[in-house]
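Work through the following exercises with the coordinates open, and try each task before reading its solution.

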Amino acid sequence: MMSNLNNRKSSRSFNRRQFLKSSSGVALFIGVSGLLPTVVSCRDQKRVEEQFQKHEVTAWVQISEDGQITIYNPAAEMGQGSMTALPIIFAEEMDADWSKVNVEFSPQEAEIYGGEGWAPGTKLMFTVGSRTTNSYYSTLRRAGAQARYVLLSSAAAHWNVPIEELITIEGNVVHEASNQKIEYGQLVRFLTMPESIPDFNEGGLKDPKDFRLIGSIIPRTEIPEKVNGSAQFAIDIRLPEMIYGVLERGNLHGAKPTLQNEEEILAMDGVLKLVPFDYGIGIVATTLEGALSAKKALKIEWSDAQASGFNSQEIYASYEDILAEDKTGDVRNEIGDFNKASSSATKTYEADFKNDYVYHAQMEPLNAIVQVSEDLKKAEVWVGSQQGSDTKLGIPSLLGIGHEDVTVHLQYLGGGFGRRSMSDFVVECGTLAKEMAPRPVKLLWTREDDVTYGCYRPLTLQRLKACTDSQGNLTGFSHVVVGDGGHLVAGGARNDHYQITNQWLEWRSASHGVRLKHWRAVGHGPNKFAIEAMLDEIAYEQGQDPIALRRKLMTNQSPRALATLEKAAEMADWDAFLPENRAKGVAFVEHGSMGTGICEISVNRETGKIRVHKFWIALDAGVVVQPDNVKAQMEGGIIMGMSSVLSEQLTVVDGKIQQSNYHDYKLLRMQDVPDSIETEILPSAEHPEGVGETATPMVAGAIANAFLRLTGKRLRHIPFTPERVLEVLNT
């Protein structure tokens, strides 16, 4: 039956005498046994007290008497390594013995575990935008240092020696003068709160040169269980008396359903209930097979929708009409006066770049389990989520209950790429579970559901104009994007690392009723492709080396960007002789971290197939917590980028998605991956930046630029399918 939902209370009652002291962001709480200390990072004592009254004790770290240390990870783990990177940051400053560290997901409580939000002073638990290490780095370093200070202070009191005489060495407090040493676990019974605790905002943290965990090659904590099959994803979970839900949503986004055979469906074996949605029909059954059989038997009449009549491959002509309109859209960046620069230019360049819709194609289909109490006053959720602005994923609003009445059990994610930063599938599951309370309901999206009713990277048309003076210097750059989604299409189009005196960036809206969402690197993919391809077209026309052009633009503007350019050119041996039908192309990208990528390609001029043989990346990501994992991220990003650039294409005809599964939505195949992908991480003491979205958007530009050098032809419409390549070669 229920998971104690009706009787759930905090298993550790809050005692004000146990809540000893809090200062500068740390509270030490002794559990009911009196032996289990937990350190909680939170600046507001009242909020900490409130959380303790409402929930089980929450903490960044727990230390047991046997020396085992549990560090809590507040971020989603979808293969990017947060389950290791974030605990390493805390453990580094705590000076913990990593061999004794265990890692668990933290509770989904933003007030305690939230990282820096988009706006100053806000907290979010949102694993998106390559922000995880960046937003938690300072918080976890301070919290780890504060935990270490509590241990040092307790040891000083225990030995009656000045705290200044103590040091820590890998899970031990040491007093060299008296030759005494005590392990962290042995200190538990002697823990006391100091009168005050430094906030470590103005110093007192480790010098990066003394790091022993950060920057080292440390195996990821979750890999063994993923290899042996014991890792638990949401799709693996089975609860007592669990039933199953599916939805039929159609493939015309926004269409409303009218069910024609309700009695027939309800009479089917195992079908428990039909639940109507504005955009679909929900089915709850005793088995998944029964639910899917009923779904297949549905007879639905669908209404028209905004997307009706929309044809994605024919829309570019109307986008050109939008560009021709004598009005200004949403100006996203203006530096200098592009029109003035253009009117006095020696030469001007203009080109249109296009990209089709792309689907997320995450490995694990969307799924969730929600269990609602019989009185509809409490709920539990089991889900793989990238979390969100609402850490309870929309369930409190759905049920009209408080956030404290919803418990979210975060699981591993089988891929996210932005899709799982939405909570639509969780709310759908909650809607079904509300109807079936108190039985837990597992909702699953089939692959066909997700392809046909997913949320995609937008389709866009981009018009770029550039102008040069009599010496060939780039004096102006204009970038106008037409498409739906605001930042989804206009993000990543700034040129902050290139010295261009006059710049114009504008977005013009066009909406078709197709569902859209952040897709790995969001607008950077299409926009950096257009920018980097445009730069190479200018270099080609001027007979100038593409590296030399970028070097000139970066030298006085961004030394760090220039360093990645020079290192990548060195790695790829840019000027080396290449055999016939081989060429190299370059592209620079910043998405949090900065990176320059160079690829080597060949082209089969009979089939139109592009083959990427090698890829080199030079990366400046600030302080790198897990260098081996960063390289894995770059490799994965390059391969995903290649798939989207060379293969993936989602099309719409009369408003309906044409693809349905991997037989007609083409992903890159194993035989098409490069022979080698090499990543060089540039040393840096700067604040860490994200790396998960730096590699993917450099791929299109690098391939297009290599193609230009090889053939003298321009690729301006991604994906570069063989058919499109042949069309370009034959014109």
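**Exercise 1.** In which helix is the place of Lys-528, and is this residue buried or exposed?

*Solution.* The model is a predicted one, and in it Lys-528 belongs to helix H15, which covers residues 524-542. The relative accessible area of Lys-528 is 5%, and since buried means under 20%, Lys-528 is therefore classed as buried. Leaving aside residues up to four places away in sequence, Lys-528 touches Gly-492, Arg-494, Val-589, Glu-590 and Pro-697.

**Exercise 2.** Determine how the axes of helices H16 and H17 are arranged, and which residues make the contact.

*Solution.* Begin with the geometry: the axes of H16 (residues 546-554) and H17 (residues 559-572) come within 9 Å and cross at roughly 160°. Because angles over 145 degrees count as roughly antiparallel, H16 and H17 are roughly antiparallel to each other, and their crossing is left-handed. Next, assign the contact residues: H16 contributes Ile-547, Arg-550, Arg-551 and Met-554, while H17 contributes Pro-559, Ala-561, Leu-562, Leu-565, Glu-566 and Ala-569. Sorted by class, this contact of H16 with H17 holds seven nonpolar, no polar and three charged residues.

Key
Residues are numbered from 1 along each chain as its sequence is written. This is a predicted model: local features need pLDDT of at least 70, side-chain atom pairs count only at pLDDT 80 or more; totals for chains, interfaces and linings use all residues. Side-chain values use heavy atoms; hydrogens and water are left out. Axes are lines fitted to C-alpha atoms, for helices over the stretch in contact, and angles run from 0 to 180 degrees between N-to-C directions. Helices (H or I, at least four residues) and strands (E, at least two) are DSSP runs, numbered from the N terminus. Angles under 35 degrees count as roughly parallel, over 145 as roughly antiparallel, 65 to 115 as roughly perpendicular and the rest as oblique. A crossing is left-handed if the near helix is turned anticlockwise from the far one by less than a right angle, and right-handed if clockwise. Contact means heavy atoms within 4.5 Å. Ala, Val, Leu, Ile, Met, Phe, Trp, Tyr, Cys and Pro count as nonpolar, Asp, Glu, Lys and Arg as charged, and the others, Gly among them, as polar. Buried means under 20% relative accessible area, exposed over 50%, partly exposed in between (1.4 Å probe, protein chains only).
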